[in-house]
Amino acid sequence: MVDDAAQLDLIDAVTPPAARPSIRVCLELDASWQAPPPLGRLGVWRSPLRTPGQVRALAEEVARRPGFTLVGLMAYEAQIAGVADRVPGRRAMNALVGWMKPRSGAELAARRAETVASVSQVADLAFVNGGGSGSVESTARDGSVTEIAAGSALFAGHYFDSYASFSPAPATGFALSVVRKPRPDCATVLGGGWIASGPPGPDRVPRVVSPEGLRMVPREMAGEVQTPLEGPAARSLRVGDRVWFRHAKSGELSEHVDEFAVVDGSSVVDRIPTYRGEGKAFL
């Protein structure tokens, strides 16, 4: 993934073109939306390439340099795909997000199509990647996109319970063991700080689902070392018991465990490695 010639320079500094196979390159278009005041810029800070002309200029730079082959274009519309719009207790914000999404989507569709057309004059693009878990339906209507990414909601984490456009069925979870009982109505599990990307808040931490009647301690919440849980159900928990959680997004699971156990009924029928299990976790 490339959005700056400095990244090409870094690769060349590590391994010159003559000493390596040609590297397949995908350019990234900034998909954020410049909303009317007072909202301003909405989206994530990723690529500095915002206009078709800027992307075209870097495409020409890639094509000019030995050791690189331009094969793709990406644009991730985080302000559409990654923002919930049916959050309980947030009526005004939900209305604002619902107003923003279609307008941002229309602007991006036009700009992305123009970018694809321009870059295609420089290189044959094997793919144009767009979307995100929360924008599959809208991105699918963009004729310039050839593939849609939807990783965060792949296993239907609890963050996606609050989307108006779809209602995913939870597909997985994880269990942590009770290791301490600091008081009769509090059970402390090992670890638990599996935090999802985005602004820190209750919607980004794991959600306790079983046994019912447990809640995180407000002054400690989910921690890297431990997560204390209090409530009526904590009284019956003993050291060695397990507490089940739902993750917020799918990345946390793939970062922290080596494999997924595939369950059919009460039986484990398969085990599939995560990208951590494949040795490809983020460093």
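## Overall Form

Helices (H or I, at least four residues) and strands (E, at least two) are DSSP runs, numbered from the N terminus. The structure described here is a predicted model, and its chain has six helices and 14 strands. Along the principal axes, the C-alpha atoms of the chain fill a box of roughly 70 × 50 × 35 Å.

Of the 283 residues in the chain, 41% are buried. The accessible surface of the chain amounts to about 15100 Å², and 57% of that surface belongs to carbon and sulfur atoms. Among contacts between residues at least 6 apart in sequence, 63% join residues that are at least 24 apart.

## Surroundings of Val55

Val55 belongs to helix H2, which spans residues 52–64. Because its relative accessibility is 0%, Val55 counts as buried. Leaving aside residues up to four places away in sequence, Val55 touches Leu27, Leu29, Leu49, Leu73, Thr115 and Val119. Val55 and Val116 are 61 residues apart along the chain, and their C-alpha atoms are separated by 9.2 Å.

## Salt Bridges

Side chains of opposite charge can pair when their charged atoms come close. In this model the count comes to 21 salt bridges. One of them joins Glu28 and Arg46, with the closest N and O atoms 2.6 Å apart. This pair links distant parts of the chain: Glu28 is in strand E1 (residues 23–28), while Arg46 is 18 residues away in the loop between E3 and H2. Glu28 is buried, with a relative accessible area of 6%, whereas Arg46 is partly exposed at 40%.

Arg56 and Glu60 are four residues apart in H2, so about one helical turn separates them. Arg56 counts as partly exposed at 23% relative accessibility, and Glu60 is partly exposed at 41%. A further salt bridge joins Arg271 to Glu259, the closest N and O atoms being 3.0 Å apart. Here too the pair links distant parts of the chain, with Arg271 in strand E14 (residues 267–273) and Glu259 in strand E13, 12 residues apart. Arg271 is partly exposed, with a relative accessible area of 49%, and Glu259 counts as partly exposed at 37%.

## Cavity and Pocket

Rolling a probe the size of a water molecule over the atoms shows where empty space is left. The structure holds one cavity of 30 Å³ or more, and the largest cavity has a volume of about 40 Å³. Its lining consists of Glu28, Leu29, Asp30, Ala31, Ser32, Val44, Arg46, Tyr76, Ala78 and Gln79. Two of these names, Glu28 and Arg46, are those of the salt bridge with closest N and O atoms 2.6 Å apart.

The second largest pocket contains about 490 Å³ of space. It is lined by 18 residues, of which Thr172, Gly173, Phe174, Trp244 and Ala261 are the closest to its centre. Strand E7 (174–183), strand E12 (242–246) and strand E13 (259–264) are the elements that give two or more residues to this lining. E13 contributes the most, with five residues.

A nonpolar patch on the surface is formed by Leu39, Met93, Leu96 and Trp99, which together have about 300 Å² of accessible area. Leu39 is placed in the loop between strand E2 (33–34) and strand E3 (41–42). Because its relative accessibility is 31%, Leu39 counts as partly exposed. Pro38 is also in the loop between E2 and E3. A cis peptide bond, with omega of about 5°, joins Pro37 and Pro38.

## Backbone Features in Other Loops

The peptide bond from Ser210 to Pro211 is likewise cis, with omega near 0°. Pro211 occurs in the loop between strand E9 (207–210) and strand E10 (215–216).

Positive phi values in residues other than glycine are found at Ala156, where phi is near 60°, and at Met221, where phi is near 55°. Ala156 lies in the loop between strand E6 (147–148) and E7, and it is buried, with a relative accessible area of 4%. Met221 is in the loop between E10 and strand E11 (226–230). At 28% relative accessibility, Met221 counts as partly exposed.

How values were computed: Residues numbered from 1 in each chain as written. Predicted model: local features only at pLDDT ≥ 70, side-chain atom pairs only at ≥ 80, totals over all residues. Heavy atoms only, no water. Patch = residues over 30% accessible without salt bridge, like charges linked within 9 Å, V, L, I, M, F, W, Y side chains within 5 Å. Areas by Shrake-Rupley, 256 points an atom, 1.4 Å probe, with all protein chains shown as cover. Salt bridge = Lys/Arg side-chain N within 4 Å of Asp/Glu carboxyl O. Buried < 20%, exposed > 50% of the residue type's maximum accessible area, 1.4 Å probe, protein only. Contact = heavy atoms within 4.5 Å. 1 Å grid on protein atoms, 1.4 Å probe; cavity = no way out; pocket = protein on both sides within 12 Å on 5 of 7 lines; lining within 4 Å. Points joined across faces, edges and corners; volume = space filled by probe spheres on them.
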